[in-house]
Each structure stands twice: as C-alpha cells, then as structure tokens.
Amino acid sequence: MDLFAKCYAPSMADQYREKGIYPYFRALETRQGPEVVMEGKRRIMLGSNNYLGLTSCPEVVEAGVRALEEFGTGCSGSRFLNGTLTLHLELEDELARFLRKEAVMTFSTGFQSNLGIISALVGRSDYMILDRENHASIYDGTRLSFGKMLRYRHGDMADLERCLQQVPESAGALIVTDGVFSMGGDIADLPSIVRLAKQYGARVMVDDAHGLGTIGEGGRGTASFFGLEKEVDVYMGTFSKSLASLGGYMAADARVVDYVRHNSRPFIFSASIPPASCATALAALRHLEQHPELPQRLSELSEYFRTALKSRGVAIRESKTPIVPIFTYQAERTMIVANALYEDGVYVNTVLPPAAPADGCMLRTSLMATHSEALLDEAAEAIRRTLEVYHE
C-alpha cells in the first residue's frame, strides 16, 4: 500500500472547504492587538493568547530590535555547544526570581518544554497521572518517556486518587495538570492535587502556559493563585502567550533543573531560542513586573465580557480566567457560527474534536488586557446576533 494513500483520501477538511465553512489558517496583515486586519478587513481579535497585549508594547519590540542588531538572527546551535547567550542566562535568572523557584531552564518552544521535561524525569518503571483534558504536548511527552500512563476524569479528585492507588510503592509517580485549561479556561483543583500527591508520595508538575500573566500574585500563575508555590515541584510555561515571544521554560529546584538539562533529548539536540525572541520575552517579563496591575485589568475585562454575554442570553462556560468559551455543541454549527462572526468582524477560535467532545464543541474567546469595554460590547452584540440567526 502506498504510504501517501491517506493523504489523498477524502477528509473532513475537504468537506468543510467544499461547504465554505473551513475556519482555519486566516492570515493576519497587522500586529496582534485588540483590533486587527485579517484578509483585508478589520476584525475584533478574540482568538489570541496575547493576554497582556505585549506583542505591540514599544519597549518589548525595541528589545527585540536591539537583540537582532547585537547578536544577529540566530544561535546556530544547541545550548550545550555554541547556543548559550548571556540573554538566555539573564532570562532564566530573572524568571526564576519572579516565580520564586531556585532555577529555570528554557526550551525553544512551549510544546518542546513538555516533551523535554517529562521524557527526562519519567522512566519506563515510573507512572504519569494525567487529567484527561491536559494539553496534547503533555501526552506526547508521556509517550516519549515510555512511562506508564494513567488518566483521571477532568477535575475529578476521587478518580485521581483511584489512579494513585494503582501505582506500586516501588515506582515513581508524577501528576501533571494544566494550571489553566487551554480550551475550557477552568483552573485545576491544585490544593486537592497537592494533598493527594503528599498522601501517596507523588510529585506534581503544573503546565502554566495559560496561567502565567493571567492569575496569581502579579501574574505568577496557578500555584501563586492558591498560595502553593512551595508545594508544586515543577512549573512549565511558555513565552508565546503573556510574554509575547516564543519559547518555553521549566522552573524547579536547582538539582532537578540540572538533571533535566543534562538528560533531556529535546533540549540537548535543539537549537536555542533566537536572540530576538529571548530579548522580547525578557523585556515582557520586566514589563509585567513593573506593571502588576495588568493581570488585574485582564481579570476585570474578562468578568465584564462574561457579564455582557450572559446578559444577552449567550451560554458560556464559567471561569475566572481570560478564556471565555461559548457553547455551540455540534462541529458543523460551530464552524458556521465562527465563519459568520468572522464576516461580521469578530475573530474567535473553533474548538472541535479532539480538543472537545463530539457534542461539546465551543467557540473559544480569549481576552487581552488592552481590550476596551466598548470593543467587548461590540463583540458581545455580534455574537448575540449571530447565535440568534444560527440557533439550533
């Protein structure tokens, strides 16, 4: 059989393109901001993870320009060899202080961070215990580790305990959870997870890609939100969201970070973060430290938008984060509504299987600290109009 046969077989993407409702790969013509130009038309951007709005912040942009001029366009090698810049070390030191952890190491992307951390820490005889709604990179990191995987129902602490009870006393165990779940926007029950981890001798890792900059003291994330910074063993996060750049990180005790640094194949055999990306992440971190009111403003806008939607009869999934999902249930209806909104000047993300159950599809909206109430009212009204036209 031809290996490429699957590539030429009819697909769902083909069907959606034929119906004119395919919603992906829309081209931006401007910077990521509250309002953008996409394919020649002004749209309100409700589909970005630029939570603090720092991709257009002048000092963040200028830091990237200076780094290009000073260090050039790339590092041309891994951190082990010629790919470590003073910028990398500065970023790691300052992020460790901000997160109140002994040490930080950086990876070239957020996805690679989960691959690199998990595959280094978890061996064949160890157990990974995962929330079913964890990010795909956590699952791929588990496969790369060859450890044994157990999954618990989303947010179900009784089911988590059932999984922990299956781990032999001779085996190591790592509980991994998203801090803020990327699609639903809900926050992990970290106090219960930490309690159960202590009871059963497991370690805890939090993927805080959507928590950094959005919740916790000054935007320090999920562990800070619950006052559990000393209880979470490993933080993972990204620079591609609140920190307006590209890359990822691990924060933990210095010995744990050093172990991963010397045993993580995705880290050892990848080129390091380019100078401009490293400098912009560092500048964004410094801006966040200087403006701790930004996460608070983001929280206020998120609550404003949720209220605006509910007052218009729009069914949403409740949360305390800038991720506000709107129920649309069926995949085809979700794409139809998303495309209609796009034509009406509002860009949102479609959440379809496997990111959502077949009957639980959603429009994922996400806010920035630089949105205005007037823009959110305009968007909420467009969403109400569109859902009334395309009701079930």
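Student: Does α4 pass α12 in a left-handed or a right-handed crossing?

Tutor: The crossing is left-handed. That label applies when the near helix is turned anticlockwise from the far one by less than a right angle, and right-handed is the clockwise case. The model is predicted, so local features need pLDDT of at least 70 and side-chain atom pairs count only at pLDDT 80 or more, while totals for chains, interfaces and linings use all residues. Residues are numbered from 1 along each chain as its sequence is written, and side-chain values use heavy atoms, with hydrogens and water left out. Helices (H or I, at least four residues) and strands (E, at least two) are DSSP runs numbered from the N terminus.

Student: Why are α4 and α12 called roughly parallel to each other?

Tutor: Helix α4 (residues 86-99) packs against α12 at an angle of about 30 degrees, and the axes are 10 Å apart. Axes are lines fitted to C-alpha atoms over the stretch in contact for helices, with angles from 0 to 180 degrees between N-to-C directions. Angles under 35 degrees count as roughly parallel, over 145 as roughly antiparallel, 65 to 115 as roughly perpendicular and the rest as oblique. The pair is therefore roughly parallel.

Student: Which residues make the contact between α4 and α12?

Tutor: Contact means heavy atoms within 4.5 Å. Among the residues involved are Leu91, Leu95 and Phe98 of α4, and Cys278, Leu282 and Leu285 of α12.

Student: What makes cysteine 278 count as buried?

Tutor: Its relative accessible area is 0%. Buried means under 20%, exposed over 50% and partly exposed in between (1.4 Å probe, protein chains only), so cysteine 278 is buried. Cysteine 361, also at 0%, counts as buried.

Student: How do you know that cysteine 278 is too far from cysteine 75 for a bond?

Tutor: A disulfide is a pair of cysteine sulfur atoms within 2.5 Å. The closest cysteine sulfur to that of cysteine 278, in cysteine 75, is 7.8 Å away, so the two are too far apart for a bond. By this rule the model has zero disulfides.

Student: Which residues touch the most other members of the largest nonpolar core?

Tutor: Ile129 and Phe305 do, in a core of 87 residues. Helix α12 (residues 275-290) gives this core its largest share, eight residues. A nonpolar core is a set of buried Ala, Val, Leu, Ile, Met, Phe, Trp, Tyr and Cys residues joined through side-chain atoms within 4.5 Å. Beyond its neighbours within four places in sequence, phenylalanine 305 is in contact with residues including Leu46, Val324, Leu367 and Ile383.

Student: Why is serine 76 called exposed?

Tutor: At 70% relative accessibility, serine 76 lies over the 50% cut-off, so it counts as exposed. Serine 76 is in the loop between α3 (58-71) and α4, and its phi is positive, about 60 degrees, although it is not a glycine.

Student: And what makes tyrosine 329 partly exposed?

Tutor: Its relative accessible area is 30%, which falls between the 20% and 50% limits. Tyrosine 329 belongs to strand β10 (residues 323-329) and has a positive phi of about 75 degrees, although it is not a glycine. Histidine 291, at 26%, is also partly exposed; its place is the loop between α12 and α13 (293-311).
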